[in-house]
Amino acid sequence: MRLFAAVLPPEPVTAELAAVVRELKKLPGAGALRWTGQPGWHFTMAFYGEVDDEVVPELSGRLERSARRTEPFDLALGGGGRFGGRALWVGVTGDVPALRRLAEGTEAAGRKTGIELGETRRYRPHLTLARGSGDTDFAASVAALTDFSGQRWTVGELCLIRSRLPRSGIPGEQPRYETLAKWALS
């Protein structure tokens, strides 16, 4: 199964962001983007890819230990940017060092379980809002996100998520996400 570890913003935070995204969708060129649906908004801590079922219990145990070693911390959505012409994202403010440490712990959990994580780079926390082709101009959207500052919330849990990629071929179909486990930060 296709798995990743994530932090999920609470509903009041995603509702606030949804209002901002409604305005972004009115900007020129927004219709050509593949917008991520609100149920798919998350901060990926570590992407594990395809994981055999028999590995999941060990991975879960290691993720639980990582969560127990992390105290709850505060974040807020804020600002935004793009990765080339391929992705539009909203950023995060607050205790970003704690978020990075949690990401490092989830990556270590995967490696210690024997999962090949591939290329590793410094964690850049972001929540993906939309994707485009390689030459998409996100300038208007990035400018609109510059002053966005969302409400604070306390990150209190780590989740293991299963993703199911679209298979129907229907344009705009979204991946489906299923939370397999949650662990309280403590």
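**Entry 1: a threonine to start with**

Which residue's backbone oxygen lies 3.4 Å from a polar atom of the side chain of T36? I looked it up, and the backbone oxygen belongs to T128. I count a polar contact as a pair of N or O atoms within 3.5 Å; within protein, one must be able to donate a hydrogen and the other to accept it, and residues adjacent in sequence count only if both atoms are side-chain atoms.

A note to myself on the ground rules: this is a predicted model, where local features need pLDDT of at least 70 and side-chain atom pairs count only at pLDDT 80 or more, while totals for chains, interfaces and linings use all residues. Residues are numbered from 1 along each chain as its sequence is written, and side-chain values use heavy atoms, with hydrogens and water left out.

I found T36 in the loop between β2 and β3. Strands (E, at least two residues) and helices (H or I, at least four) are DSSP runs, numbered from the N terminus. T36 is buried, as its relative accessible area is 18%; buried means under 20%, exposed over 50%, and partly exposed in between (1.4 Å probe, protein chains only). Leaving out residues up to four places away in sequence, T36 touches W41, T128, L129, A130 and Q174, where contact means heavy atoms within 4.5 Å.

**Entry 2: two histidines from the record**

Next I checked UniProt, where an unreviewed entry lists H42 and H126 under "active site". The two are spread over 85 residues of sequence, yet they cluster in space, with a largest C-alpha distance of 8.4 Å. I keep in mind that UniProt positions are given in the numbering used here, feature names are shortened, and annotations may be inferred rather than shown by experiment.

Is H42 buried or exposed? H42 is buried, because its relative accessible area is 14%. H42 sits in the loop between β2 (34–35) and β3 (43–50), and a polar atom of its side chain lies 2.6 Å from the backbone oxygen of G40. Beyond four places in sequence, its contacts include F4, L8, H126 and Y177.

H126 is partly exposed, because its relative accessible area is 24%. I located H126 in the loop between α3 (96–113) and β6 (127–131). Its side chain reaches the backbone oxygen of R124 at 2.7 Å. Setting aside neighbours within four places in sequence, H126 contacts H42, F43, F83, W89 and V90.

**Entry 3: the neighbour F43**

F43 lies in strand β3 and is buried, with a relative accessible area of 0%. Leaving aside neighbours within four places in sequence, F43 has contacts that include A5, L77, H126 and W153.

**Entry 4: the largest pocket**

How much space lies in the largest pocket? I noted about 1,200 Å³. Of the 33 residues that line it, the closest to its centre are T44, F47, H126, T128 and R131. On a 1 Å grid over the protein atoms alone, a pocket is an open set of points where a 1.4 Å probe fits, with protein on both sides within 12 Å along at least five of seven lines; lining residues have an atom within 4 Å of a point. Both H42 and H126 belong to the lining. The largest share of the lining, four residues, comes from β3.

**Entry 5: helix α1**

The buried residues of α1 are V13, T14, L17, A18, V20, V21 and L24. They pack against β2, β4 (73–83), β5 (87–94), β6, α4 (139–145) and β7 (149–155).

Note on methods. Grid points are joined across faces, edges and corners, and a volume is the space filled by probe spheres set on the points.
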